[in-house]
Protein chains: 2
Amino acid sequence: MNAEERKGFFADRDQLNMADYLELEYYLECVGDIRTALAHFCSEQSTAQWNRVGVDEDFRTLYAAKVLGWQVLEELKELSYPVEHDAVGKIHACRVTIAHPHRNFGAKLPNLLTAVCGEGTYFTPGIPLVKLLDISFPDSYLAEFEGPKFGIEGIREMLGAYNRPIFFGVVKPNIGLSPEYFSDLAFQSWLGGLDIAKDDEMLADVAWSTTSRRTELLGKARVLAEKETGDKKIYLANITDEVDKMIEQHDVTVANGANALLVNAFPVGLSAVRMLRKHTKVPLIGHFPFIAAFSRLEKYGIHSKVITKLQRLAGLDAIIMPGFGSRMMTPEQEVRENIEECLNEMGSLKRSLPVPGGSDSALTLENVYRKVGSVDFGFVPGRGIFGHPMGPKAGASSIRQAWEAIEQGVELEAYAETRPELKAMLGK
Amino acid sequence: MNAEERKGFFADRDQLNMADYLELEYYLECVGDIRTALAHFCSEQSTAQWNRVGVDEDFRTLYAAKVLGWQVLEELKELSYPVEHDAVGKIHACRVTIAHPHRNFGAKLPNLLTAVCGEGTYFTPGIPLVKLLDISFPDSYLAEFEGPKFGIEGIREMLGAYNRPIFFGVVKPNIGLSPEYFSDLAFQSWLGGLDIAKDDEMLADVAWSTTSRRTELLGKARVLAEKETGDKKIYLANITDEVDKMIEQHDVTVANGANALLVNAFPVGLSAVRMLRKHTKVPLIGHFPFIAAFSRLEKYGIHSKVITKLQRLAGLDAIIMPGFGSRMMTPEQEVRENIEECLNEMGSLKRSLPVPGGSDSALTLENVYRKVGSVDFGFVPGRGIFGHPMGPKAGASSIRQAWEAIEQGVELEAYAETRPELKAMLGK
């Protein structure tokens with residue numbers, strides 16, 4: 001591409017009607033001339049051939065992605081991660097801001113993904129390493145999406161739970177329990193103080209524990225737990241399934257008494273979540289399998305913050321995400337950003353409840369709370385409740401006791417003195 | 001986990017009924033004790049807590065993923081790619097074979113993905129880097145999938161095209177053309193000898209070129225081209241869309257005369273492809289946006305071979321994939337493996353047509369053919385046809401001429417002497 005041709009892929013912000021564009025932030029490692037690589041990067045993700053042979057026309061005006069600005073971060077001796085490629089020249093780590101016209105694909109999630117992290121993005125000559133860092137949407141584009149149906153406030157209202165975190169628990173053993181035993185454990189955990197007993201993300205509709213049978217039992221157990229405790233409870237059923245089964249799964253499980261649904265957003269696809277959002281009668285809660293495969297590395301793939309935004313756009317009322325602590329192999333700053341993306345203003349979309357998870361228990365609650373910096377989060381232990389030496393009721397109680405200690409500003413050890421459930425966790 | 005506890009996550013092949021298991025191959029970088037890390041790896045991806053508190057039971061027998069074998073490849077000074085983690089000890093690159101019981105999730109693609117590349121896989125203590133290298137399925141599991149409806153033979157029959165590659169062309173300019181101009185270019189390319197004129201993977205149903213209007217025109221143009229040439233032709237329409245629109249998109253576009261459909265498999269989700277497979281009247285052809293985000297790096301993510309297998313399982317009749325040449329940043333061996341996975345025996349599933357692509361033209365055909373090693377492939381230029389200096393009809397002719405030269409064993413230069421279309425490409 002020569003200098004004249006390149007020009008069509010660069011623009012100043014004030015030359016464009018920014019309501020027509022998404023703004024994309026990428027980290028790139030460019031080999032060779034940077035301006036040429038950036039022009040190719042825009043061309044490959046939009047109109048790679050911008051006129052017919054022999055016709056005087058230029059589709060770049062309306063349809064080209066355009067560089068708004070870029071910054072060279074540093075010159076590198078070699079690519080941060082080795083990749084086979086054919087470019088020659090100096091290697092530069094760059095950050096680039098691109099305006100991508102959404103008229104190229106419309107308000108459709110699969111087509112949006114195709115444009116911003118598709119063939120163009122990852123197969124640009126001279127750019128072997130790419131990480132999509134962020135997407136910003138104009139309000140007019142956001143207005144085409146429904147977003148969360150319930151959001152944080154809707155979940156709080158269902159539970160009558162205000163001014164505190166929402167307490168989830170993943171029923172364990174996660175795989176292998178008969179619906180009867182499963183139901184009994186969930187029941188115990190509700191009695192102990194859980195708001196939401198949930199299926200593991202790996203447990204869905206299987207021959208030895210169909211969602212139909214499980215929700216039948218759990219729906220009844222939930223009502224019983226509500227009567228015994230006087231508190232509202234949620235059974236969060238995992239309806240992750242083939243997309244043409246999900247509406248039926250919704251109907252059966254909700255009729256049986258599941259009052260929130262778990263969906264593994266990327267395994268089913270974001271647009272399956274959006275489809276379900278249009279239909280659902282209960283909150284939708286997303287889990288994160290598959291996402292680490294393209295978001296863990298610092299300099300390649302897609303930043304998890306982008307994924308959080310897209311999940312909120314698709315309509316998840318709560319988003320379970322890798323949380324704090326090096327066990328989850330996610331930098332603390334990144335966890336914070338993901339939490340913020342659930343809560344930040346985003347057109348008129350409701351806020352999603354962030355649920356940062358990972359090997360939690362009564363012992364980690366204060367740390368998570370301090371790091372989140374507010375009560376607007378979900379806390380989701382598994383073995384920390386269902387592996388409690390005194391059983392799941394005690395496990396759930398230990399979580400509530402830990403929260404009471406935090407609220408009252410009392411040291412966990414002191415608060416545990418008269419509370420054997422919490423004490424058992426401290427002794428572990 | 002102690003030595004006794006670890007045992008439940010290791011097995012010999014002859015102790016298991018292998019028809020109950022998928023076999024998974026992973027590349028891992030383990031920090032600390034390898035056996036412990038591998039036991040955790042299996043536990044996290046299956047039954048992480050294998051008994052209820054105080055109950056003498058062991059769910060590992062039926063539900064645990066189990067290490068069948070492993071190999072230390074080398075000791076490393078540091079992780080191949082830096083990742084935050086909390087494990088301590090020596091670092092080893094390992095290859096491990098795991099038996100994962102499919103009763104945990106059943107014959108469902110989203111749940112399969114959740115099990116083999118979900119939270120368990122990527123969040124195991126002591127294993128910061130993971131690449132899923134391969135999956136093997138027992139025949140009884142494969143039998144639950146429909147696979148390609150048409151396969152290579154079905155596509156050949158539709159076209160009456162045997163003993164040669166199938167010639168695709170991506171209409172360019174890919175973004176911005178009105179349906180009328182688009183149709184005219186496709187028509188020209190059919191006259192020049194293309195089998196299949198296709199939408200770009202980024203061009204789907206947009207306000208300025210609805211699939212309804214486009215297929216209406218293209219359907220007519222196709223019939224006209226068939227009359228003029230006496231050959232059967234295919235218009236491959238891109239119906240990548242929100243999943244709850246795809247069946248309608250199928251019905252409208254096929255009624256209008258699209259006789260094959262393009263789907264961006266990962267942006268819509270594999271199970272949306274499978275849904276469409278049950279419904280479709282025409283071949284389904286997959287494109288690869290998003291896949292590079294998790295498959296390019298040698299030591300992290302998911303090997304593209306796995307993706308190819310899953311796409312075939314979901315029912316794609318042809319799979320467009322990154323092809324040969326360092327422009328596509330995919331090692332030659334990996335491209336070969338992806339081609340083989342389209343063709344290898346896989347239960348009773350039909351073979352998918354492999355379509356290795358990337359900046360192709362009359363000049364690259366022989367190289368691709370030699371590397372594929374058979375005529376069972378699709379060849380898919382874009383600008384190599386629609387950017388041809390004499391126009392798209394000549395562009396398509398140049399491809400057919402290049403194939404004639406190969407068939408006749410004549411040098412391209414010699415064959416081009418009396419063929420201006422081919423000659424124009426050589427002069428480029």
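# Reading a two-chain model, feature by feature

Visitor: Where is A:Phe290 found?

Guide: A:Phe290 is in the loop between S9 and helix H13 (292-295) of chain A. Those labels are DSSP runs numbered from the N terminus: helices are H or I runs of at least four residues, strands are E runs of at least two. This is a predicted model, in which local features need pLDDT of at least 70 and side-chain atom pairs count only at pLDDT 80 or more, while totals for chains, interfaces and linings use all residues. Residues are numbered from 1 along each chain as its sequence is written, and chains are lettered from A and ligands numbered from 1 in the order in which they are written.

Visitor: Is A:Phe290 buried or exposed?

Guide: Here's how to read that: a residue is buried if 20 or more other C-beta atoms lie within 10 Å of its own, exposed if 12 or fewer, and partly exposed in between, with C-beta atoms placed from the backbone. A:Phe290 has 26 other C-beta atoms within 10 Å, so it is buried. Its phi is positive, about 85°, although it is not a glycine.

Visitor: Which residue in chain B has a positive phi without being a glycine?

Guide: B:Asn163 is one of them, with phi near 55°. B:Asn163 lies in the loop between helix H7 (151-159) and S5 of chain B. It counts as exposed because it has 8 C-beta neighbours inside 10 Å.

Visitor: What kind of peptide bond joins A:Lys172 and A:Pro173?

Guide: A cis one, with omega about 0°. A:Pro173 belongs to the loop between strand S5 (166-170) and helix H8 (179-192) of chain A. In chain B, the bond from B:Lys172 to B:Pro173 is cis too, its omega near 0°. B:Pro173 is in the loop between strand S5 (166-170) and helix H8 (179-192) of chain B.

Visitor: Which residues of H15(B) are buried?

Guide: They are B:Val335, B:Asn338, B:Ile339, B:Glu341 and B:Cys342. Down the axis of H15(B), these buried residues fall within an arc of 160°, so they line one face of the helix. That arc is taken from the directions of the C-beta atoms as seen from the helix axis. The general idea is that an α-helix has 3.6 residues a turn, so residues three or four places apart point the same way.

Visitor: What do the buried residues of H15(B) pack against?

Guide: In chain B, they pack against helix H14 (304-314), strand S11 (318-322), strand S12 (353-357) and helix H16 (365-372). Contact means that two C-beta atoms, placed from the backbone, lie within 7 Å.

Visitor: Now sheets. What is the strand order of the eight-stranded sheet in chain A?

Guide: Strands pair if DSSP finds at least two bridges between them. The open sheet of eight strands runs S12-S11-S9-S8-S7-S6-S5-S13 in chain A, with parallel pairing. Its edge strands are S12 (353-357) and S13 (378-379) of chain A, each pairing on one side only. Helix H15 (residues 332-343) of chain A packs on this sheet, touching S11 and S12 of chain A, and its direction makes about 160° with that of S12(A). Such angles run from 0 to 180 degrees between N-to-C directions, using lines fitted to C-alpha atoms, for helices over the stretch in contact.

Visitor: Which strands form the five-stranded sheet in chain B?

Guide: That open sheet has the order S2-S3-S1-S4-S10, with mixed pairing. Strand S2 (66-76) and strand S10 (301-302) of chain B are at the edges with a single partner strand each, so one side of each is left without a neighbour in the sheet. Inside it, S1 (residues 21-31) and S3 (residues 91-101) of chain B pair in the antiparallel sense over eleven bridges. One bridge pairs B:Leu22 with B:His100 in S3(B).
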